[in-house]
Amino acid sequence: MLIPVEDGPAIVACSTCRSGDDATGPRGGTRLVAALRAVKASDPAYAGVAVQAMPCLFACQDSCTVHLRAPGKIGYVLGRFTPDEAAARAILDHAVLHAASDDGQVPYKSWPEGVKGHFLTRTPPAGFVVA
């Protein structure tokens, strides 16, 4: 079932991803969503980016996965995060840069260190492909 959300810059985080230390508590995806929401709430710089949770992004081999998206911009799927505050801050920092960009592409030199090595795919916006 699809649930309508506001069509703006967003981080869609898998809420059901497993991580290596899930045996005694909430799943890694649940913890990453909580960390994203807590970091977002702690800093007004993140106000323009929504944090949305969705069960299963089908990237189970690369758990703790997020999809960065914004209308008319290239989207990105990132994974293999530790579900903690540092990862949440890096994801949010990159999402702010993504939202401010013309087409979704952020120059590599501007990437937060915490997202480097975590990109899995990029997705073109509806009606476009990337040249």
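Modeller: Cys64 is buried, at a relative accessible area of 1%. Keep in mind that the model is predicted.

Biologist: Which cysteine sulfur is closest to the sulfur of Cys64?

Modeller: That of Cys17, at 5.5 Å, which is too far for a bond.

Biologist: And how far is the sulfur of Cys14 from the closest cysteine sulfur?

Modeller: The distance is 3.2 Å, and the partner is again Cys17. A disulfide needs the two sulfur atoms within 2.5 Å, so the Cys14 sulfur is too far away for a bond.

Biologist: Is Cys14 buried or exposed?

Modeller: Cys14 is buried, with 3% relative accessibility.

Biologist: How many disulfides in the end?

Modeller: The count is zero.

Biologist: Switching to aromatics. How many aromatic pairs are there in the whole structure?

Modeller: The search finds three. One of them joins Tyr76 and Phe119, edge-to-face, with 5.5 Å between the centres and 90° between the planes.

Biologist: Where do those two sit in the chain?

Modeller: Tyr76 is in strand E4, residues 75-78, and Phe119 is in strand E5, residues 119-123. They are 43 residues apart, so the pair links distant parts of the chain.

Biologist: Is Tyr76 buried or exposed?

Modeller: Tyr76 has a relative accessible area of 10%. The cut-off for buried is under 20%, so Tyr76 counts as buried.

Biologist: Which residues make up the ring cluster?

Modeller: Tyr76, Tyr108, Trp111 and Phe119, linked through ring pairs.

Biologist: What is Phe119 in contact with, sequence neighbours aside?

Modeller: Once neighbours within four places are left out, Phe119 touches Tyr76, Val77, Leu78, Arg80, His94 and Trp111.

Biologist: What does Thr123 contact beyond four places in sequence?

Modeller: His67, Lys73, Ile74, Gly75 and Tyr76. For Ile74, the C-alpha to C-alpha separation from Thr123 is 5.6 Å, although the two are 49 residues apart along the chain.

Biologist: Which residues line the largest pocket?

Modeller: The lining consists of Met1, Leu2, Ile3, Val5, Val12, Gln52, Ala53, Met54, Pro55, Leu57, His67 and Arg69. Nine of the lining residues are nonpolar, two are polar and one is charged.

Biologist: Which elements give two or more residues to that lining?

Modeller: Strand E2, residues 50-54, and strand E3, residues 66-69. E2 gives the most, with three residues.

Biologist: Gln52 is on that list. Is Gln52 buried or exposed?

Modeller: Gln52 is buried, with a relative accessible area of 11%. Gln52 lies in strand E2.

Biologist: And what is Gln52 in contact with, leaving out neighbours within four places?

Modeller: Val5, Glu6, Ala10, Ile11, Val12, Ala13, Arg37 and Arg69. Val5, Val12 and Arg69 are also among the residues lining the largest pocket.

How values were computed: Residues are numbered from 1 along each chain as its sequence is written. This is a predicted model: local features need pLDDT of at least 70, side-chain atom pairs count only at pLDDT 80 or more; totals for chains, interfaces and linings use all residues. Side-chain values use heavy atoms; hydrogens and water are left out. Rings of Phe, Tyr and Trp (its six-membered ring) pair if their centres lie within 6.5 Å; planes under 30 degrees apart count as stacked, over 60 as edge-to-face and the rest as tilted. Helices (H or I, at least four residues) and strands (E, at least two) are DSSP runs, numbered from the N terminus. Buried means under 20% relative accessible area, exposed over 50%, partly exposed in between (1.4 Å probe, protein chains only). On a 1 Å grid over the protein atoms alone, a cavity is a set of points where a 1.4 Å probe fits but cannot get out, and a pocket is an open set with protein on both sides within 12 Å along at least five of seven lines; lining residues have an atom within 4 Å of a point. Ala, Val, Leu, Ile, Met, Phe, Trp, Tyr, Cys and Pro count as nonpolar, Asp, Glu, Lys and Arg as charged, and the others, Gly among them, as polar. Contact means heavy atoms within 4.5 Å.
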